[in-house]
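Please report on how the parts of this protein model pack together. Keep it short and organised by region.

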Amino acid sequence: TFDRSELGFACEVLPETLPICAITGTNGKSTVTTFIGQLLTACGVRTFVGGNLGDPLSNAAIQFAKASDPSECYQALAVEVSSYQMLLHAPSF
């Protein structure tokens with residue numbers, strides 16, 4: 001079955017080999033997501049930071065869908081998600 005949620009769309013479009021760090025919890029999600037993005041970027045990894053924080057994950061998915069060379073897109077994702085989203089998309093995360 002096809003999941004019509006924003007996160008479901010992103011999971012269908014993003015490459016399966018793309019590393020995803022999905023952060024959930026009660027407190028500190030935005031801080032941890034931002035910090036992980038900063039760490040990866042400082043290491044030279046092209047990192048998308050978003051999800052429920054700022055840019056929706058579908059923006060990264062659209063970039064991959066439009067790219068003629070996916071290797072020029074993000075190399076990793078740091079995303080803030082709800083625990084409910086994680087339950088729905090557990091195989092993807």
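## Contacts of Q75

Q75 is in contact with L18, P19, G44, V45 and R46, leaving aside its neighbours within four places in sequence. Contact means heavy atoms within 4.5 Å. Q75 is found in the loop between α3 and β3. Its relative accessible area is 36%, so Q75 is partly exposed. The cut-offs are these: buried is under 20% relative accessible area, exposed is over 50%, and partly exposed is in between, with a 1.4 Å probe and protein chains only. The C-alpha atoms of Q75 and L40 are separated by 9.5 Å, and the two residues are 35 residues apart along the chain.

This is a predicted model: local features need pLDDT of at least 70, side-chain atom pairs count only at pLDDT 80 or more, and totals for chains, interfaces and linings use all residues. Residues are numbered from 1 along each chain as its sequence is written, and side-chain values use heavy atoms, with hydrogens and water left out.

## The β3 strand

Helices (H or I, at least four residues) and strands (E, at least two) are DSSP runs, numbered from the N terminus. In β3, 5 of the 5 residues are buried, so the strand is largely enclosed by the rest of the structure. A76, A78 and E80 point one way from β3. L77 and V79 point the other way.

β3 pairs with strand β1 (residues 20-23) in the parallel sense, over 4 bridges. Two strands pair if DSSP finds at least two bridges between them. L77 is the bridge partner of I20. β2 and β3 also run parallel, joined by 5 bridges. Here F48 stands opposite L77.

T47 is found in strand β2. T47 is buried, with a relative accessible area of 14%. A polar atom of its side chain lies 2.9 Å from the backbone oxygen of V45. Not counting residues up to four places away in sequence, T47 touches G37, L40, T41, Y74, A76 and A78.

The structure holds 1 aromatic pair. F48 and Y74 form it, edge-to-face, at 5.4 Å centre to centre and 70° between the planes. Rings of Phe, Tyr and Trp (its six-membered ring) pair if their centres lie within 6.5 Å; planes under 30 degrees apart count as stacked, over 60 as edge-to-face and the rest as tilted. F48 lies in strand β2 (residues 47-51) and Y74 in the loop between α3 (57-66) and β3 (76-80), so the pair ties together parts that are 26 residues apart in sequence. F48 is buried at 3% relative accessible area, whereas Y74 is partly exposed at 24%.

Which residues touch the most other members of the largest nonpolar core? They are L14, F48, L57, A60, L77 and V79, out of 13 residues. A nonpolar core is a set of buried Ala, Val, Leu, Ile, Met, Phe, Trp, Tyr and Cys residues joined through side-chain atoms within 4.5 Å. At least two residues of this core come from each of α1 (6-13), α3 and β3. The largest share, 4 residues, comes from α3. Leaving aside neighbours within four places in sequence, L14 is in contact with L57, A60, A61, F64 and L77.

In α3, the buried residues are L57, S58, A60, A61 and F64. They cover an arc of only 155° around the axis, which puts them on the same side of α3. The arc is that of the directions from the helix axis to the C-beta atoms. What covers these buried residues includes α1, β2 and β3.

Definitions and conventions. A polar contact is a pair of N or O atoms within 3.5 Å; within protein, one must be able to donate a hydrogen and the other to accept it, and residues adjacent in sequence count only if both atoms are side-chain atoms.
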